[in-house]
Amino acid sequence: MDRFRALREEAYEANMRLPELGLVLFTFGNASAVDRNEAVFAIKPSGVPYADLKVNDMVICDFEGKAVEGKMRPSSDTKTHAVLYKEWSEIGGIVHTHSTYGTAWAQAIKDIPIFGTTHADHLTSDIPCAPPMKDEYIQGDYEHMTGYQIIDCLKERGLDHNEVEMILVGNHAPFTWGKSAAKAVYNSAVCEEVAKMAQLTLQINPNANTLKEALKKKHFERKHGGNSYYGQEQ
Ligand SMILES: [Zn+2]
């Protein structure tokens, strides 16, 4: 009896959605799912093409990023996932891709401005771009420090990771998270679509204005608070 079977399945399903949604090429990217009771997460093994992935290939790791069960070596980004799970107790899944448009904004080291309601339906701030990593972090425990780069960027900007579930890391690419691995995958696709729309907006009108405050407020309020009416009642 494999006590991590359900967790491996959740991580596997999330990983397999990434090529389906056009968010990854070759072996790029990784998704993970957490089990809070056991304080472990399941993540894609390193360097395995999606077409060859199997449920049992998912590696079980602890919050220090150490593999505790599994035959393969975990994703090279495992320590970034570990840091985020350890720091943010509410999240259930994490996704990292090098999706084209999100990565282009990360490489340009630009926040993705909030231009429209598609963006505002998911978050009512710009999608932040964390600064590129310092040399000492790159030369040190790089993947571990990438996690802190993400956490520190949100802190410095006063953003809540329960509201803003996506970020770009400067010079690198997007990271997303959510209450479940499936939600983190969804956020990864949203980030890519919003990145694409923002770029096209600026191509059509380099002076396009960002979303009016009244619309930002409206979209925030319809998802939150006592009078929210977005989606179905739970
Ligand atoms: Zn990467």
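Colleague: Which residue forms a salt bridge with Glu69, and how many Å apart are the closest N and O atoms?

Modeller: This is a predicted model, in which local features need pLDDT of at least 70 and side-chain atom pairs count only at pLDDT 80 or more, while totals for chains, interfaces and linings use all residues. Residues are numbered from 1 along each chain as its sequence is written, and side-chain values use heavy atoms, with hydrogens and water left out.

The partner of Glu69 is Arg8, with the closest N and O atoms 3.3 Å apart. A salt bridge here is a side-chain nitrogen of Lys or Arg within 4 Å of a carboxyl oxygen of Asp or Glu. The pair links distant parts of the chain, 61 residues apart: Arg8 lies in helix H1 (residues 5-20) and Glu69 in strand S4 (residues 67-69). Helices (H or I, at least four residues) and strands (E, at least two) are DSSP runs, numbered from the N terminus.

Arg8 also meets Asp2 in a salt bridge, at 2.8 Å from N to O. Arg8 is buried, with a relative accessible area of 5%; buried means under 20%, exposed over 50% and partly exposed in between, using a 1.4 Å probe and protein chains only. Asp2 is partly exposed at 25%, and Glu69 is partly exposed at 31%.

The whole structure has 12 salt bridges. One of them joins the side chains of Asp111 and Arg157, at 2.8 Å from N to O. That pair, too, links distant parts of the chain: Asp111 is in the loop between helix H3 (100-107) and helix H4 (117-120), Arg157 in the loop between helix H6 (142-156) and strand S7 (166-169), 46 residues apart. Asp111 is partly exposed at 25% relative accessible area, as is Arg157 at 39%.

Now the helix contact. The axes of helix H2 (residues 78-87) and H6 come within 6 Å and cross at roughly 45°; axes are lines fitted to C-alpha atoms, for helices over the stretch in contact, and angles run from 0 to 180 degrees between N-to-C directions. H2 and H6 are therefore oblique to each other, a class left after roughly parallel (under 35 degrees), roughly antiparallel (over 145) and roughly perpendicular (65 to 115). Residues in contact (heavy atoms within 4.5 Å) include Val83 and Leu84 in H2, and Ile150 and Ile151 in H6.
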